[in-house]
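Please read the following points with the sequence and the structure open beside you.

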Amino acid sequence: MTPPRRVAVIGAGAAGLAATKALLDAGLDTVTYEKGDRPGGLWARGNSSGLSPAYASLHLNTSKGRTQFADFPMPASWPDYPSADLVAGYLADYAETFGLIAHIRYGTTVVSVEREDGTGTAAGHPRPARPAAGGPPGTGHAWLVTTDTGDTARYDAVVVANGHNWDPRLPEPGYPGSFSGTRIHAHEYRTAEAFRDRRVLVVGMGNSAMDIAVDASYTARGPVLLSARRGVHIVPKYLFGRPADATGGALSVLPWRIRQRIAETLLTLAVGPPQRYGLPAPAGGLFQNHPTVSDTILHRLTHGEVAARPGIDRFDGDRVVFTDGRSDPVDIVVWATGYRVTIPFLSARWTGGDPEQLPLYKRVFHPDDPGLAFVGLMQSTGAALPVVEAQAKLAAARLSGAYALPPAAERRRSTDRDLREATARWGIDRRPRMRIDFDRYLADLSRETKAGRARVRRAAGRRAAPATRAENTEESTV
């Protein structure tokens, strides 16, 4: 018998765990590399990798019913919006329940993933005994995975699941002037004690920015300043007594522009526009400019504990000068300015120099070699866990031979169409390659899986047809 195909997974966060489970379920020999000392990725506070940005007050901003894995529901007794520590425990339980731990190599950093060339001349490595995933399963070249200890192992395919919220992005170019205070990125923040009796400025309008500003407002000296060049919609965690994202899910059958008009109307009725709270007007529609989910920021704004400011113009010693001419004394600036998408173990041959621009088929398969698959390299309008679970199952189905990709030309047309639609909705400067509409994308992957399984059946029928015709010919000549 042919031994099961061997697959490497890079990362043991939510995406890597989902990939490991799906591959094992499909009967594939799987090894998962994890830099830290436990599963959970960015949710695992205290992980030895040092890459987790989870702070003490962090909670889900999507409800548990819309966040949980389909194969592993969250406990019914949990609150609608669990804490980061509960989510980390949930992911650890997931790994334990499905027998993933034995397949994870902790404390192991992957430094290189490359494909062995067709002649098998990769330095120090003989040609593999059996070929690996390049085109359809069972053909192509092997993948060589090298770790920081210098060990290299050969695999038939690789699933990249290293996440993209761990490499802090700072303002580029930096603001003019000199600042005499302290500057940190939100990635470094853990508890509000860091702000005790200090004058704090938080820069950004995302979920982390709002959480940190609220936390700081209980310990800082004076109101916490919240600066942003452009506004976003602020969505409370509950609308009309239900989790807000449950309302969005109920509208998912409608075109996004219609959904957007309905949702914006509901939001205006519930809390009013951000300008009512002194914040800048949103730069785009609710479904075009990623909203911030927070119940508490509006409360702290209306009580004067957080004060809105426009964008920064320059620094001047211990003062920050804003674009409206106002200036305030500040002791510490928190850059809640997001993260770069970084895949350090892949060369430009595979990333094109910018992982954000990778034209992945269905946000999973590399255009040049589908034996290189990605789980989690997307930016969703909803929760991540159901998305990475669906992506993992699609990748595993292909690598086990249960699903077949369409021809390369059709894949290119599909990714080009996705980019056009995403650019029209989100704009060219908002990572349109990575953007997905949560509900629509999950429905699309379900359809694609069925179509790919049908392609396998048709191919099997074509292979069986000549033998059937030959048998019938022999019978007719007897």
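**Notes on the predicted model**

1. Threonine 292 belongs to strand 15, which covers residues 292-293.

2. Is threonine 292 buried or exposed? Its relative accessible area is 1%, under the 20% cut-off, so threonine 292 counts as buried.

3. What surrounds threonine 292, apart from neighbours within four places in sequence? Its contacts include Met205, Gly206, Asn207 and Met210. Val232, His233, Ile234 and Val235 are also in contact with threonine 292.

4. The largest cavity holds about 60 Å³.

5. Which residues line the largest cavity? Val160, Ala161, Asn162, Gly163 and His164 are among them. The lining also includes Ile343, as well as Phe374, Val375, Gly376 and Leu377. By class, the lining has six nonpolar and four polar residues, and no charged ones.

6. Confidence across the protein has a mean pLDDT of 90, with 91% of residues at 70 or more. Two stretches need a separate remark. Over residues 118-136 pLDDT stays under 50, although the model has 53 contacts beyond four places in sequence for this stretch. Residues 470-478 also stay under 50, and for them the model has zero contacts beyond four places in sequence. Where pLDDT is low, predicted coordinates should not be read in detail.

Terms used. Residues numbered from 1 in each chain as written. Predicted model: local features only at pLDDT ≥ 70, side-chain atom pairs only at ≥ 80, totals over all residues. Heavy atoms only, no water. pLDDT = per-residue confidence, 0-100. Contact = heavy atoms within 4.5 Å. 1 Å grid on protein atoms, 1.4 Å probe; cavity = no way out; pocket = protein on both sides within 12 Å on 5 of 7 lines; lining within 4 Å. Points joined across faces, edges and corners; volume = space filled by probe spheres on them. Nonpolar A, V, L, I, M, F, W, Y, C, P; charged D, E, K, R; others polar. Helix = DSSP H or I, 4+ residues; strand = E, 2+ residues; numbered from the N terminus. Buried < 20%, exposed > 50% of the residue type's maximum accessible area, 1.4 Å probe, protein only.
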